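Here is a short note for a colleague who has not seen this structure before. The points follow the display.

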Amino acid sequence: MTTEPSAAVPPDEIEDDGGVSDEELAAFEAEQASGGSSRTRIVIAAMAIVAIVVAAAIGFSVGRLSTLADPTPTTTSAEAGFSRDMQVHHNQGVELAMIIRDRTDAVDVRTLAYDIATTQAQQSGQLYDWLVQWNLPQGSRQPDMTWMTLPTLAGASGHAHGGDSSTPGTSHTPGDPMPGLATPAQIDQLTASSGLEAERLFLTLMIAHHRGAVEMAEALQPRTTNATALAFASAVIASQQAEIDLMTRMLDDRGGPVPLAD
């Protein structure tokens with residue numbers, strides 16, 4: 001079935017049915033033009049926000065990809081050696097912190113000990129996971145601190161400890177004690193103490209312990225280009241140096257350092 005087209009009605013025969021006047025139509029068009037401009041500005045602003053979010057996401061992704069693009073360290077690399085040795089170092093820091101918490105009621109020392117224990121336990125777990133992700137063993141046949149005798153890398157950042165870009169380091173010998181590590185006799189000394197004596201012993205030991213960790217982190221920097229390892233080393237240096245400054249003030253308030261057992 002087809003529908004016949006309607007015949008056009010001459011303009012002069014259109015009845016006035018109370019519709020929109022010319023003045024009202026002009027006002028409506030002006031309002032639409034103004035509203036359209038506002039909507040345009042809103043759309044542009046929204047697009048700008050989306051562009052910022054997308055740019056941020058791309059930047060984050062590039063950072064992640066640059067980390068993922070780092071070559072996997074070998075088992076004899078500085079990164080692997082640092083991961084193993086710093087785990088041992090951090091785990092002793094946790095041990096010292098837990099010892100002092102049971103031997104003092106001083107709020108500032110107990111708070112510091114809790115912070116050290118939680119932070120270093122978390123970082124130790126992070127280092128453990130690095131080796132898992134790199135498919136490397138947690139232990140090594142190499143003596144402790146061997147990685148600190150490796151030559152530094154050309155173009156790497158950080159402080160060179162015991163070497164330059166072409167020759168192995170000489171300030172450390174493989175198998176030497178880790179810098180700042182407390183001896184068994186010193187741990188026994190802390191364990192046997194209490195009160196103010198324990199606080200002074202703990203602060204004396206932990207200042208040396210933190211300085212050793214800073215030395216190890218600074219030794220890693222010129223021996224790696226791994227973005228994750230470099231970021232970790234920088235974080236260790238900054239946080240532990242800040243705690244060294246704090247502990248030095250706390251120790252001074254308590255009469256200064258005490259002699260340590262051998």
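1. A pocket, on a 1 Å grid over the protein atoms alone, is an open set of points where a 1.4 Å probe fits, with protein on both sides within 12 Å along at least five of seven lines. Grid points are joined across faces, edges and corners, and a volume is the space filled by probe spheres set on the points. The second largest pocket has a volume of about 210 Å³. Lining residues, which have an atom within 4 Å of a point, number 13 here, and those closest to the pocket's centre are Ser 77, Glu 79, Leu 153, Arg 223 and Thr 224.

2. This is a predicted model, in which local features need pLDDT of at least 70 and side-chain atom pairs count only at pLDDT 80 or more, while totals for chains, interfaces and linings use all residues. Residues are numbered from 1 along each chain as its sequence is written, and side-chain values use heavy atoms, leaving out hydrogens and water.

3. The protein chain has 6 helices and 0 strands; helices are DSSP runs of H or I with at least four residues, strands runs of E with at least two, numbered from the N terminus.

4. Of the chain's 262 residues, 35% count as buried, meaning under 20% relative accessible area with a 1.4 Å probe, protein chains only.

5. Helix H5 covers residues 195-220 and reaches 37 Å from its first C-alpha to its last, close to the expected 38 Å, which is 1.5 Å times one less than its number of residues. Of its 26 residues, 19 are buried, so H5 is largely enclosed by the rest of the structure.

6. Among contacts (heavy atoms within 4.5 Å) between residues at least 6 apart in sequence, 79% join residues at least 24 apart.

Methods. Buried means under 20% relative accessible area, exposed over 50%, partly exposed in between (1.4 Å probe, protein chains only).
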